[in-house]
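Open the structure in your viewer and keep the selection tool at hand. The stops below say what to select and what is there.

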Amino acid sequence: MTAPPQDAAPPSEDTDAQVIEASWRDPDRFGAVFDRYFAAIHRYVHLRLGESAADDLAAETFLRAFRGRDRFDLTCSSARPWLYGIASNLVADHRRAEARRYRALARSAEAEEIAGHDERVVQRVSAAVMQPRLAAGLARLSSGDRDVLLLVACAQLSYEEVATALGIPQGTVGSRLNRARRKLRKIIGPAGEAL
């Protein structure tokens, strides 16, 4: 038996589809999917619903994925959009609470009056001042527009991945994102131009 050449590439890591298919026979293999994506899913849920819901909903995302792994489309090499779709559905279950939270944030932190012009400029662009306006804007978006915007902005999914996650056409992702950005710009004003 001869040793492989020194410049040979190491064996490539299994794709998510290969790991999930293997987990049908050996359930412990699903742990690799959990290890790859838990932190990202947790971060996304945290951004949507806050820390208190993030632990539970991120764990629930993987529990549902594990239970439904036999329905995963093995032609998709990455489980990322599938997992974000499950997480988005769980967030949808909490949507009324989310909207109430955004309305409460919008009512809470009113900006204090500051004497100097320089201080007003700094305060105007600070995240702390923007938060109530952003929260108010997010609360006014339709659930579909809000899901698309937050999957792109918070999870940094591509249009194709958002389409897969939400089960909608890719063109719908673009139109929902543009509509959400337009609405937020009207509510937030010039300071929110980066959206």
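Start by selecting Val33, Tyr37, Ala40, Ile41, Tyr44, Val45, Arg48 and Leu49 in helix α2, which meet Arg80, Leu83, Tyr84, Ala87, Ser88 and Val91 in helix α4. Contact here means heavy atoms within 4.5 Å. The residues of this contact divide into eleven nonpolar, one polar and two charged. In that division, Ala, Val, Leu, Ile, Met, Phe, Trp, Tyr, Cys and Pro count as nonpolar, Asp, Glu, Lys and Arg as charged, and the others, Gly among them, as polar.

A note on what is on screen: this is a predicted model, in which local features need pLDDT of at least 70 and side-chain atom pairs count only at pLDDT 80 or more, while totals for chains, interfaces and linings use all residues. Residues are numbered from 1 along each chain as its sequence is written, and side-chain values use heavy atoms, with hydrogens and water left out.

Now show the two helices whole: α2 covers residues 31-49 and α4 residues 80-93, and their axes come within 10 Å and cross at roughly 35°. Axes are lines fitted to C-alpha atoms, for helices over the stretch in contact, with angles from 0 to 180 degrees between N-to-C directions. The crossing of α2 and α4 is right-handed, a term for the near helix being turned clockwise from the far one by less than a right angle.

Zoom out to the protein chain. It has ten helices and zero strands; helices (H or I, at least four residues) and strands (E, at least two) are DSSP runs, numbered from the N terminus. Of its 195 residues, 38% count as buried. Buried means under 20% relative accessible area, exposed over 50%, and partly exposed in between (1.4 Å probe, protein chains only). Among contacts between residues at least 6 apart in sequence, 62% join residues at least 24 apart.

Next, select Tyr84, found in helix α4. Is Tyr84 buried or exposed? Tyr84 is buried, with a relative accessible area of 3%. Leaving aside neighbours within four places in sequence, Tyr84 is in contact with Ala40, Ile41, Tyr44, Leu151, Ala155, Leu157 and Ala165. The C-alpha atoms of Tyr84 and Ala165 are separated by 5.7 Å, although these residues are 81 apart along the chain.

After α9 comes Gly167, with a positive phi near 70°.

Move to helix α8 (residues 143-153). Nine of its eleven residues are buried, so α8 is largely enclosed by the rest of the structure. Among them are Asp145, Arg146 and Asp147.

Then look at the aromatic rings. Rings of Phe, Tyr and Trp (its six-membered ring) pair if their centres lie within 6.5 Å; planes under 30 degrees apart count as stacked, over 60 as edge-to-face and the rest as tilted. By this rule there are six aromatic pairs. In one of them, the ring centres of Phe34 and Phe62 are 5.1 Å apart and the planes lie at 70°, so the pair is edge-to-face. Phe34 lies in α2 and Phe62 in helix α3 (residues 51-67), so the pair ties together parts 28 residues apart in sequence. Phe34 is partly exposed, at 33% relative accessible area, whereas Phe62 is buried, at 5%.
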